[in-house]
Amino acid sequence: MTPLTQTPAWKALEAHHQTVRDLHLRDLFAQDPARGRDLAIEAAGLYLDYSKNRITRETLPLLTGLARERGLRERIDAMFRGDRINVTEGRAVLHTALRAPRGTVMEVEGHDVVPGVHEVLDRMAAFARGIRDGSRKGFTGKAIRTVVNIGIGGSDLGPAMACEALRAYADRNLQFRFVSNVDATDFREATRDLDPATTLFIVASKTFTTQETMANAQSARTWCLDALGDPAAIASHFVAVSTDAAKVAAFGIDTANMFGFWDWVGGRYSLESAIGLSTMIAIGPEQYREYLDGFHAMDEHFRTAPFERNLPVVMGLLGLWYADFFGARTVAVLPYDHYLRRFPAYLQQLVMESNGKSVTLEGRRVDYATSPVWWGEPGTNGQHSFYQLIHQGTQLIPCDFIAFARTLNPLGSHHAMLLSNVLAQTEALAFGKPAEAVAAEGTPAWLVPHRTFEGNRPSNVLLAQRLTPGLLGSLVALYEHVVFTQGALWDLNPFDQWGVELGKELSRRILPELEAASEPDLAHDSSTNELIRRLRSAGQ
């Protein structure tokens, strides 16, 4: 394949960038009164206004031309077909099968995987109903009142985000907590006020060997046994999301309460698999089906819509436009709904673990920027924190604003105030306030530069009617496919994460050196050796 920066479509975009880079959004809107109406797309319950981006009407056709030239359509088809597009691990990538309706056919190596998906979903539903109606009790006969999910990465960030996002739909007689950090403080604080007799632990680890997860799981096991006394209690207070029945059974968990998933599901794409058991318990199987249907609606839109009207494709291409042609190094995701306060943290793993790569599928070093840093906080909190830098700082930071026409918690004029803020922020970022306007207000000359807003800061606005289980599914799937689109254009593998492996390997080597009874022989660099000695000395 021709290197990305040497393709005709890339060269055309480079030339186009020279003509638009100095254009201001004030002028683009003044010259094109229909821009706000026309530069918008709607699908799967989401309305995208992308008019406040630094593009002309010629930009998107050039970007979609690059997508066609780089074979994006073929890559999409290959993913949905179940091809082994995760080439470094030799796996198919079919998380879309996790939300496919019953009866859909999706194959891996000629085997329809959808029936297996629904078999696990049915078992999850039966288990969730038992917890919710109180018929599945703890070891002492008391009903389960608290569910603690123990996982890390995709086994924590996804379900923690979803349970928080859908709290309005959850059974308020149950509470949900999440433990991920191997720092003992995380486990201690999560369990400090809990009753072991009414607590259920979900241990989420595909291999049942993840170091942090299993350390926390063993601490949970000890915590339970200290209170309940009998090892038989473990079967009543622990379930596993795993594929290793032998290790699950050795831990003491009844394998009838083991919920599996497959090697064609990557960790950060596993939100709707058995990893979502805590979410299903929280909102119930029926609303969980609505949640999956939202994912599927966006999947079908991504699979079938023409690129120019395809939400994930357009957003993915705009992200590439800023990263590779404007030099943007970060993206801010700003949800104006407090229930979505964990959504930016969830996206950090989804995006940066997927496309934080510097070599192509063929193993060649890239000569262009790949994933920027993603970050964010909910509005309006962020407005009183970091928006200053977005408005008047030296960096260009594209922003995604997410808002809902209706609130789940009506209270006076709160929601109108919230919406007025999100609209005001996008307007201020785009159009700013020129020096002459500031001066015309009577501002002293020395103060004018400080109160001038240059504007021309790009943003997307995603609007929906209200935050529902189905809408959350659509929103998550949207960003999954944005990541896929960008990975395909950058010629990356978004489905491996070798970058986290070296640290794990070295940690396994250092741990026994820290815990050794006598001074170990150290063969690290001089800095690491000295730090190990200092920590050993301080801990004695």
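This is a predicted model: local features need pLDDT of at least 70, side-chain atom pairs count only at pLDDT 80 or more; totals for chains, interfaces and linings use all residues.
What volume does the second largest pocket have? About 490 Å³.

View 1. The volume here is about 490 Å³. Helix α17, residues 414-431, gives the most to the lining, with five residues. By class, the lining of this pocket splits into eight nonpolar, 10 polar and four charged residues.

**View 2. The largest pocket, with a lining of 39 residues.** About 1,000 Å³ of space lies in this pocket. Nearest its centre are T210, G267, Q497, E501 and K504. Three helices each supply at least two lining residues: α9 (211-228), α15 (343-355) and α21 (501-515). Which of the helices gives the most? That is α21, with five residues. The lining of the largest pocket holds 17 polar residues, alongside 11 nonpolar and 11 charged ones.

**View 3. The largest cavity, lined by 17 residues.** The structure holds four cavities of 30 Å³ or more. The largest of them contains about 150 Å³ of space. M315, G319, V331, D400 and N460 lie nearest its centre. Helix α14 has the largest share, four residues. By class, the lining of the largest cavity has 11 nonpolar residues, five polar and one charged.

**View 4. The packing of helix α13 against helix α14.** Helix α13 spans residues 285-304, and helix α14 spans residues 311-325. Their axes are 7 Å apart, at an angle of about 70 degrees. Angles of 65 to 115 degrees count as roughly perpendicular, so α13 is roughly perpendicular to α14. Which residues meet in this contact? From α13 come M298, H301 and F302. From α14 come L311, P312 and V313. By class, the contact has five nonpolar residues, one polar and no charged.

Key
Residues are numbered from 1 along each chain as its sequence is written. Side-chain values use heavy atoms; hydrogens and water are left out. On a 1 Å grid over the protein atoms alone, a cavity is a set of points where a 1.4 Å probe fits but cannot get out, and a pocket is an open set with protein on both sides within 12 Å along at least five of seven lines; lining residues have an atom within 4 Å of a point. Grid points are joined across faces, edges and corners, and a volume is the space filled by probe spheres set on the points. Ala, Val, Leu, Ile, Met, Phe, Trp, Tyr, Cys and Pro count as nonpolar, Asp, Glu, Lys and Arg as charged, and the others, Gly among them, as polar. Axes are lines fitted to C-alpha atoms, for helices over the stretch in contact, and angles run from 0 to 180 degrees between N-to-C directions. Angles under 35 degrees count as roughly parallel, over 145 as roughly antiparallel, 65 to 115 as roughly perpendicular and the rest as oblique. Contact means heavy atoms within 4.5 Å.
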